[in-house]
Amino acid sequence: MNSPLYLRLIPLLPLCGFLVNGLLGRRLPKWLVTLVALAAPLAAFGLVLNAARVCFGAGITAPVVETCPFPWIAAGALRIDFSFVLDPLSLVMLLVVTGVGFLIHVYSVGYMAHEEGYARYFSYLNLFLFFMTVLVLAGNALLMFVGWEGVGLASYLLIGFYFQKDSAANAGKKAFIVNRIGDFGFLIGIFLLIGNFGTLTFSEIATKLAANPAWQGGVLTTIALCLLLGACGKSAQLPLYIWLPDAMEGPTPVSALIHAATMVTAGVYMIARTHVLFDHAPFALGVVAVVGAATAIFAATIGLAQNDIKRVLAYSTISQLGYMFLGCGVAAYSAAIFHLMTHAFFKALLFLAAGSVIHGLGGEQDLRKMGGLWKKLPITFAVTTVGVIAIAGIYPFAGFFSKDAILYAAFLQGPGGIALWFVGLVTALLTSIYMFRLWYMAFLGKPRTEGVHAHESPWSMLGPLVLLALLSIGGGWVGIERFGAYLKPATGALRMESSIPHLELILSGVAVAVALLGWLVAHIFYSARPEAPARLAGAISPVYKLVANKYYVDEIYGAVIVKPLLAISRFVLGWVVEGAILGGLALLLAGIANFSGAILQRWQSGNLRSYAAWLAAGAAVLLLFVLTPWTTIWPDSMNFILKVAGH
Amino acid sequence: MNSFLSQQVPLSWFLLLSAVLFVLGIVGFLIKRNLITVFMSIELMLNAVNLSFVTFACQWHAVKGQIFVFFVMMVAAAEAAVGLAIIIAIFRVRATLAVDRIDLMKL
């Protein structure tokens, strides 16, 4: 059925952009490449806005389904369609993906203006948008998986965009391989869904579960944990987060779009989309919450000691994704999606502002070499300030509302929930410290490097920054009550009642106080007494070293997983299987061929007369065979031949 | 003609002559060293076959055999032209026509 919303065009337009720029981009003039690259996401965004206008206008919250008339896979009772579903959840996600996506496309025009591979870059970016919208609109788990893998591919291509650089190529491979581990879980989850539900359509799964409210735990827990593994890979949660910091090797707008605002939130979206499964698997839900909280605080501590501006933001992204998982884990899916949305605004803003700084400084990413940039990059400074305040969660900026909703929802979950809330609160403190640290180190104080002529970025970059800054200020004003009520048909009701009066207000006050405390700490350490950080680092030297080296997780993984794997590959697979077994087999076959060749070689004397002699001898033997009166010599020969022939 | 064949000279004589000529051709092909003699042996074999073709054509009153002979003669003529040309070319290059010394195909 085709709806007048033209849902199928939303992914298809960026796909067209990808095809045009990917196939012809090298030969097209630059302005045309830019036009195609910007028109595709703009048109998709327009379609989404139109859909939003229709849905909001008519108050539609029931899902709008658009299905391809013929099935994609039909095997026995299993039928999988190409179906796109627009409901409040996917609509919010689409608005974020295409809206922020379009702004980042515009920004890229300025950022990538002087780069090699301009058309290649934009074709990948459009490809990403295609797969991401497929992922969001997918009406069943398999179609979602297609989008899921596709965004992984686009991410790989864009991380490794500067493929001449070894570190970029390796970072791309690392992201792809680590994601494979998560995708393995997702795939097993899909198989289990087929086995236990006989369908992959989200709405049918929800119907079947609603019909059996007593069905709890058991295989549902397994399915939910498998899906969680997939989400952990894509959304960079413990223990699979290691690819995201390295992914910063890609161009900065890519970090903003894919590795902060949209793709990495796909895991959160997936959990929200399949939340009925998690609701029936309380244990898995608890695991989600613990993973989220642990990741949040773990990444935040690492973020404190990073000196690369993009890496600080990368760890901050991991930490914020942990918040979203925490929100999902306490069944506050709409709060998680709310934070996803505001995070998309302020984290895209922060990354793009960082890109503006890097652009202005000619590629410098080290915070220690920045400082005093507020004079030279006034607009970038202003929007970064907005972003920092928003992520720190200070009223009335966007981050406050969403982070507060998640912390509040966690607090309501009993004693365990209060522990999670406390972890979240400490994370908020750390977030505030490291973000203001970045702010002080980059923009305030005295310039630490001489001779760098920083310049403000062009308006194609500043325009999106200003728009995102406005969204980072006002994006949360809708409030979690109204947002949750709108998402209710898709993510279930949000339980926000408490017996304690004014609890929400008190918790909000605590959160804001913590954020301001973080600011104060950062002010003391990085502005008032600049010698303090080094002294502190010296005083707690082992701890500092541990954190600055990211808890040696990469090294541990390298020693525990990568090295043994390489050793097994090299010795068991390489020497034993490849060398001895396969190699031996190949040598044996070659030996047989060689040996028989050596014998048969004698016939190939090159002497014409010997060939002719063999020819004549062969003809004579055949003649003899044909002329021999077999039936007289051996009366049963005919029967024998017929029997051999199978009659 | 037909009665002459069937009554006075037996069919087998013609076929025997054909076989003898063919074997002569084979033997000549195999044992002679001179390329031209080898070539002539091939012609001899072709004509031996031609003889059995016309013999059977007469025997069975079938014209196909005679038509076939024309084809064989035509091919033989063409082959003679090409073959002699090759022989001349070989002689110019190698200054010999000994078959066992023309073995460039050998590895």
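**From loops to core and across the chains**

Tyr551(A) lies in the loop between α23 (541-548) and α24 (553-600) of chain A. In this predicted model, phi of Tyr551(A) is positive, near 60°, although the residue is not glycine. Tyr551(A) counts as partly exposed because it has 13 C-beta neighbours inside 10 Å. Tyr552(A), which is found in the loop between α23 and α24 of chain A as well, has a positive phi of about 55° and is likewise not a glycine. With 12 other C-beta atoms within 10 Å, Tyr552(A) is exposed, the limit for that class being 12 or fewer.

Strand β1 (residues 64-67) and strand β4 of chain A run antiparallel and are joined by four bridges, and Glu66(A) has Phe84(A) in β4(A) as its bridge partner. From strand β4 (residues 83-86), Ser83(A) and Val85(A) point one way while Phe84(A) and Leu86(A) point the other way, yet all of them are buried.

What is the size of the largest nonpolar core, and which residues have the most contacts inside it? That core has 216 residues, and those with the most contacts inside it are Ala336(A), Ala348(A) and Leu349(A). Its largest share, 18 residues, comes from helix α15 (residues 333-360) of chain A. If neighbours within four places in sequence are left aside, the contacts of Ala336(A) are Val268(A), Ala272(A), Met324(A), Gly327(A), Cys328(A) and Ile406(A).

Leu257(A), in helix α10 (residues 252-261) of chain A, counts as buried because it has 32 C-beta neighbours inside 10 Å. Leaving aside neighbours within four places in sequence, Leu257(A) is in contact with Val100(A), Gly101(A), Ile104(A) and Thr262(A). Leu257(A) and Phe102(A) are 155 residues apart in sequence, while their C-alpha atoms are 9.6 Å apart in space.

Chain B has four helices and zero strands, and buried residues make up 10% of its 107 residues. Among contacts in chain B between residues at least 6 apart in sequence, 50% join residues at least 24 apart. How far apart are the end C-alpha atoms of helix α4 (residues 64-94) of chain B? They are 43 Å apart, which agrees with the 45 Å that its 31 residues should span at 1.5 Å a residue. The number of buried residues among the 31 of α4(B) is zero, so this helix lies largely in the open. After α4(B) comes Ala95(B), whose phi is positive, near 60°.

The two chains also meet, with eight residues from chain B and eight residues from chain A taking part in the contact. On the side of chain B that touches chain A, there are five nonpolar, no polar and three charged residues.

How values were computed:
Residues are numbered from 1 along each chain as its sequence is written. Chains are lettered from A and ligands numbered from 1 in the order in which they are written. This is a predicted model: local features need pLDDT of at least 70, side-chain atom pairs count only at pLDDT 80 or more; totals for chains, interfaces and linings use all residues. Two residues are in contact if their C-beta atoms, placed from the backbone, lie within 7 Å. Ala, Val, Leu, Ile, Met, Phe, Trp, Tyr, Cys and Pro count as nonpolar, Asp, Glu, Lys and Arg as charged, and the others, Gly among them, as polar. A residue is buried if 20 or more other C-beta atoms lie within 10 Å of its own, exposed if 12 or fewer, and partly exposed in between; C-beta atoms are placed from the backbone. Helices (H or I, at least four residues) and strands (E, at least two) are DSSP runs, numbered from the N terminus. Two strands pair if DSSP finds at least two bridges between them. The expected span of a helix is 1.5 Å times one less than its number of residues. A nonpolar core is a set of buried Ala, Val, Leu, Ile, Met, Phe, Trp, Tyr and Cys residues joined through C-beta atoms within 7 Å.
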